[in-house]
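Subject: Structure for you to look at

Hello,

Here is the structure I said I would pass on. My notes on what was found follow below it.

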Amino acid sequence: MPKKKPTGKKLTTTTNELQGRDRESLQKSFIYHMEYSLAKDEYSATKHDCLKSLALLARDRLTERWIETQQSYYHNDAKRIYYLSLEFLMGRTLGNTLINTDLYDETHRALRELGYDMEELREVEWDAGLGNGGLGRLAACFMDSMATMELPAYGYGIRYDYGIFFQQIIQGYQVETPDNWLRYGNSWEFERPEYLYPVKFYGRVNQYYDEKGRFRSDWVDTDEIMAMAYDTPIPGYRNNTVNTMRLWSAKSTRDFNLDYFNHGDYHLAVAEKDHSEIISKVLYPNDNVFEGKELRLKQEYFFVSATLQDIIRRYKKTDTGFDRFPEMVAIQLNDTHPAISIAELMRILVDEEGVEWDNAWDITVRTFGYTNHTILPEALEKWPVDLLERLLPRHIQIIYEINRRFIEVVKKQNPRDGERMRRLSIIEEGVEKRVRMANLAIVGSHSVNGVAALHTDILKKHVFHDFYELWPEKFNNKTNGITQRRWLKLCNPRLASLISGRIGEAWTTDLYELKKLIPLAGDAAFQEEWRAVKSENKKLLAAYIWRLDKIRVNVDSLFDCHVKRMHEYKRQLLNILHVITLYNRITAGPQVSVVPRTVIFAGKAAPGYQMAKLIIKLINSVADVVNADPRVGEALKVVFIRNYCVSNAEKIIPAADLSEQISTAGTEASGTGNMKFALNGALTIGTLDGANIEIKEEVGDDNIFIFGLTADEVAKMKSSGYNPRHFYDSNLELRQAIDMIGSEFFSKENPGLFRPIVDSLLSQGDQYMLCADYVSYITSQERVSRMFENRDAWSRMSILNVAGMGKFSTDRTIREYAEEIWGVKPVQVILQKQKSYRSNRDVRE
């Protein structure tokens, strides 16, 4: 990638220039890293080398603030937040870092003068896809907001060697290939071999009375795996705070068995190392159906054990006893995946630190908070007791004791209600005893929160109703959000610039400032500028679709986007039924007038989720028929964008006109895609599910397209005997669409291919009520088309949607967590330009 080095640029670079923010310092820093960090010049450097130099340039400008941030937390004796998440869907780091450090524009200009296109280099960066979807992306947004709000926070998870799989579409089918995101290294992380912790598995428990007559439990004869820390700096927006995301990588205690090697068995010589390190090898795919796999439990305990050892190490720098532990430590469990940490903290306190049980339990409950992310019973983790007895023998003893003491409390309230005790018990009785991890999380935490008002209401009334009756004070709602820095300022710079030009930039840290757009919603000139931005974004997406799949789409058509994880409850199938209905109307005769529409799908199905994968095949097969039919022309196009990820979302969302949020009411916990689309000016078509309800409240009933049954109506219809065939028989268009799927119309090469989809709708109960909601959905889509034809009305609605998004920033969400659950206050980081070298180096972290 040869570029001409600018004349007069020195290769010798001072420390001040490595930290400098002016154009010349940025250029010198880029060149310095190219030559001295990578040993390349303008002739030998690849695009990846240029990206690394650019990343190192940005990283240099974080390190001083990163170190000073940690010092500030110690000097202020600050209570810290520890956010435990098995997933962090970070996406690309470069753009977000440059935005938050206010270096984006200057770096862009500096590189352009050197002959490089920064946007081209940004496209080279591999997504850090260490998450399956919303849960992991929420964790990433939370990290951004906690740093922006100057909260002392750490994110803990696993450094998977392979992230969420890379999705290829071959002959319409999803084909999974490994996501080797570390192939070119990761310039953002810092390896920390000094933070290496042993994690135990298997073994047995030796119980005895010590010389003082105390009952003791020693976990012995264990297998050990080492957890090594890798740190990534997380900068706040235009402040000095740089927090830490610490991810653990599994390392064997023995890299190489020389005895096997000397006897010629080279495979066994490294087998132990390979077996140990598989724990952090691959991200576990999520299909919302819990399966008790040993590797998954190992991953959960691996990162929990290392994290708690690290938290306690840090705590003990300033405290010897544990009385202040809940005043200095707040641990938030991002769903049940880290819930084993409750038993682990009890093990450490009781077995290793000698804390008496009741005191240890009080410390534990006051330390933990639990966020629930699902209301689907099949998705709640339940680990087989025999697996825990074998893998974590001491922990199952602790869980039994926690449950025994808990059930005693329940008995005192109502000693005759055995059924209630059975429901509340952490141990699920049956043919195979299981540990209900959600129950453990509730019992062991002082706070239990849902992530949208409806979701929390369902938790209280249905999923955890018995617990709510027992401890109503524990339950609260924290509606999810998104970070506007990534999901507007970074991904949609044209719209961000237009907004800032009219109302200023305060919205970047206070999203409620967007309400100042309301008076502009009817301004004809502003509407024209608004439409011009959307048009440019649609052209960019259209060009991307052409490069990817050689499909030409009409940029003046309505861009109807349904992008999210593939699952039956998210009802991509209902959308396809609408597409087929439109196709049938268009091909019925030239007299039919339709608003041109491009329907864009994207999303991954879990590798073992056959129905979701079959729906992907159906979408692509329908696309093949629709896009090739000359009678359709530009009136309708169907596109499936492969390998949906954060960086793809950043291309799709700014271009969307319509956002599909059509899950069956009562199934989606919150959703954050709905917020991202609305923040970028897309109108929502959706059910009264998850955060859609709160979006409707904020933007107004007239600025959203709501359809379908409510959660209560769904429950009532199911309880009274839902019959999908009634809807199939009574609606000609629905019957025609389903019959076409069941016939060979979309699968001439394989008749009957899609029969399982038809059976799921007509013979197997239509679990997610597609047939019941079909007419309402089609009617709402007709309203969408009519409104889209009225450009001024559509633009006004779009502007009002953006103006109403103030509530849906993770800044607001995190403020509520900090004030109402964690009891954590901001710590302002003040840089000291002249400071002496600290002799106590360990206190820096």
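Accessible areas here come from the Shrake-Rupley method with a 1.4 Å probe. By that method the chain exposes about 32600 Å², and carbon and sulfur atoms supply 49% of this area. Please keep in mind that the model is predicted.

Overall form. The chain has a radius of gyration of 28 Å, which agrees with the value near 28 Å that a compact globule of 845 residues would have. Along the principal axes, its C-alpha atoms fill a box of roughly 95 × 85 × 65 Å. The secondary structure amounts to 34 helices and 24 strands. Of the 845 residues, 61% are buried. When contacts between residues at least 6 apart in sequence are considered, 77% of them join residues at least 24 apart.

Charge. There are 111 positive and 117 negative side chains, and the centres of the two sets lie 3 Å apart.

Cores. The largest nonpolar core holds 118 residues, and Met146, Phe201, Phe302 and Trp822 touch the most other members. Helix H10 (residues 294–315) gives this core its largest share, 10 residues. As for Phe302, its contacts beyond the neighbours within four places in sequence include Ile158, Val199, Phe201, Ile225 and Met226. Ala227, Trp248, Ser249, Ala250 and Ile279 are also in contact with Phe302. Another core, of 71 residues, lies apart from the largest one; Tyr583, Leu618, Phe746 and Leu770 are among its members.

Regards

Terms used. Residues are numbered from 1 along each chain as its sequence is written. This is a predicted model: local features need pLDDT of at least 70, side-chain atom pairs count only at pLDDT 80 or more; totals for chains, interfaces and linings use all residues. Side-chain values use heavy atoms; hydrogens and water are left out. Helices (H or I, at least four residues) and strands (E, at least two) are DSSP runs, numbered from the N terminus. The radius of gyration is taken over C-alpha atoms; the globule rule is 2.2 Å times the number of residues to the power 0.38. Buried means under 20% relative accessible area, exposed over 50%, partly exposed in between (1.4 Å probe, protein chains only). Contact means heavy atoms within 4.5 Å. Lys and Arg count as positive and Asp and Glu as negative; His and the chain ends are not counted. The place of a charge is taken as NZ of Lys, CZ of Arg, CG of Asp or CD of Glu. A nonpolar core is a set of buried Ala, Val, Leu, Ile, Met, Phe, Trp, Tyr and Cys residues joined through side-chain atoms within 4.5 Å.
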